Amino acid sequence: MLRSLSLVAVAALLSACSVMAPRYERPALSVPEVWPAEIQVDARTVAAKPVAWQSFFPDERLRALIQLAQVNNRDMRIATARVLEAQALYGIQRADRLPSLNAGGSVARSRTPGDLSATGSSVIGQRADVNVAIPSFELDFWGRVASLSDAAKASYLATEEAERSFRLSLIANVADAYLALAEASERLQLAQATLKTRAQTRELVDQRRKGGLAGDLDYLQADAAYEGARAEVASLTRQQSAARNYLSTLVGAAQDNLPPGRSLAGQGIDLNQQAELPSQVLLRRPDVRAAEQRLLAANANIGAARAAFFPRIGFTGSTGFASREIDGLFKSGSEAWSFTPTISLPIFQGGRNKANLDLATVRKDIAIAEYEKTLQQAFREVADQLVARDQLAAQLQAVEAQERSQQRATVIAEARYAQGVGSFLEVLDAQRQLFAVQQNLIQVRRSMWSAAAQLYKALGGGDEAEIGKKG
């Protein structure tokens, strides 16, 4: 009995004789084969093992914040739950490729009135059954169920890659927010120190005015410079608060007992990240892999739509024991079985199957276009960040040299004024320019580190982005 049922199940497993999905071919890369000419091509273009984010960011406080964000960020939780949802949906769809086996038993008693029985007397009947049954199973000769399962698997993998892409974006965004907060804090400290210095200068000019050594114009200029610094402190205080609030939202948890952080000048983030050829870099990015998995799902759905034009063959069956008495269930001769094959051939569907095939084909065309668009966006992002990395480093060197020159100019202007050979306006101009250069230096330094973090994301991240690579 069980042997015959096993043979039926084996036959069912071997029933997928044909899969009607088109043969998948990865679309050609719709991007240039090399990076733009303004990007420096040197030893950094050689292939290298990606670096995990824990090693990429030396700042211990930043690493702790990233770790907190990956656990507590609400969007990250949603992305992780989406993966589990897609995994469950794939498991449900994959189960349709195997026959279901149900074990059951029943005892039924009935009474038939005499006027309905053949003997003219009332009859009491009883039946006991024990069986193992396949309630309904489709023999997947045309690969319809297999194609649906493949589509569900590709959708699950696409969701998994999308989760990795979001995780990588979260890492870069937390780093950028942390650097923005550091920038606002350092600019605020500079503005507060400048405000204190300008208050002292205003007091000194006021004393000189009272002694007849300076005029009202000098005092008014010193007072205006002081008020300008006070306004800058208020503005930067607001920016610092907004940056702190944004970082807290990204992290999604209390930021207590964190290790001390580094200054912008001491971040030490790697500025020499490897940038291989576009074909190597782009295909490693999780967003590109997610787009390709969605394309694979669309390709598999075409197979399911094609198979709908062909007959569906299925069966139900059971094997077991039946008897009038429970104690006679397993006696010789009580074996019972049933087998019911079915076939359903679509004759008239009002164009439904044709429309479904057209829909699946159009969705594949959309998936191809989205895949190519993702590639192009990825290429632009990498190219932009490579240029930013190189040019911001050069800009930083220039601004540092500018600061040194402006510091010397300020010292000279202050000395000339003290000796009575220069005007106070020269001093104010020199101080304002020095303050602006120093503020710009902080901004450029932060932009350089942020560009490095965004380039890390654009290149596909590190080892954590390589885990579970499929397909």
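Reader: How many aromatic pairs does a search of the whole structure find?

Author: In this predicted model, the search of the whole structure finds six aromatic pairs.

Reader: How is such a pair to be described?

Author: A pair of aromatic rings is described by two quantities, the distance of the centres and the angle of the planes. One of the pairs here joins Y90 and Y156, with 6.2 Å from centre to centre and 5° between the planes, and this pair is stacked.

Reader: Which helices hold Y90 and Y156?

Author: Y90 lies in helix α4 (residues 74-95) and Y156 in helix α5. The two residues are 66 residues apart, and the pair thus links distant parts of the chain.

Reader: What describes two packed helices?

Author: Two packed helices are described by the angle between their axes and by the distance between the axes. In this structure, α3 and α4 pack with their axes 6 Å apart, at an angle of about 50°. That angle makes α3 oblique to α4.

Reader: Which residues of α3 and α4 meet?

Author: From α3 come A69, Q70, V71 and N72, which meet R74, M76 and R77 of α4. By class, this contact of α3 with α4 has three nonpolar, two polar and two charged residues.

Reader: At what angle do the axes of α3 and α5 cross?

Author: The axes of helix α3 (residues 60-72) and helix α5 (residues 144-210) cross at roughly 135° and come within 10 Å. This makes α3 oblique to α5. The crossing in which α3 passes α5 is right-handed.

Reader: Which residues of α3 and α5 meet?

Author: On the α3 side are R61, L62, L65, I66, A69 and Q70; on the α5 side are R167, L170, I171, V174, A175 and Y178. The contact of α3 with α5 divides into nine nonpolar residues, one polar and two charged.

Reader: Let us turn to the strands. What is the order of the four strands in the open sheet?

Author: The order is β1-β2-β3-β4, and the pairing is antiparallel. From one strand to the next, the twist averages 25°.

Reader: Why is one side of β1 and of β4 left without a neighbour in the sheet?

Author: β1 (102-112) and β4 (335-344) stand at the edges, and each has a single partner strand, so one side of each has no neighbour in the sheet.

Reader: Over how many bridges do β1 and β2 pair?

Author: β1 and strand β2 (residues 123-139) pair in the antiparallel sense over 11 bridges. As an example of a bridge, G105 has V130 in β2 as its partner.

Methods. Residues are numbered from 1 along each chain as its sequence is written. This is a predicted model: local features need pLDDT of at least 70, side-chain atom pairs count only at pLDDT 80 or more; totals for chains, interfaces and linings use all residues. Side-chain values use heavy atoms; hydrogens and water are left out. Two strands pair if DSSP finds at least two bridges between them. Axes are lines fitted to C-alpha atoms, for helices over the stretch in contact, and angles run from 0 to 180 degrees between N-to-C directions. Angles under 35 degrees count as roughly parallel, over 145 as roughly antiparallel, 65 to 115 as roughly perpendicular and the rest as oblique. A crossing is left-handed if the near helix is turned anticlockwise from the far one by less than a right angle, and right-handed if clockwise. Contact means heavy atoms within 4.5 Å. Ala, Val, Leu, Ile, Met, Phe, Trp, Tyr, Cys and Pro count as nonpolar, Asp, Glu, Lys and Arg as charged, and the others, Gly among them, as polar. Rings of Phe, Tyr and Trp (its six-membered ring) pair if their centres lie within 6.5 Å; planes under 30 degrees apart count as stacked, over 60 as edge-to-face and the rest as tilted.
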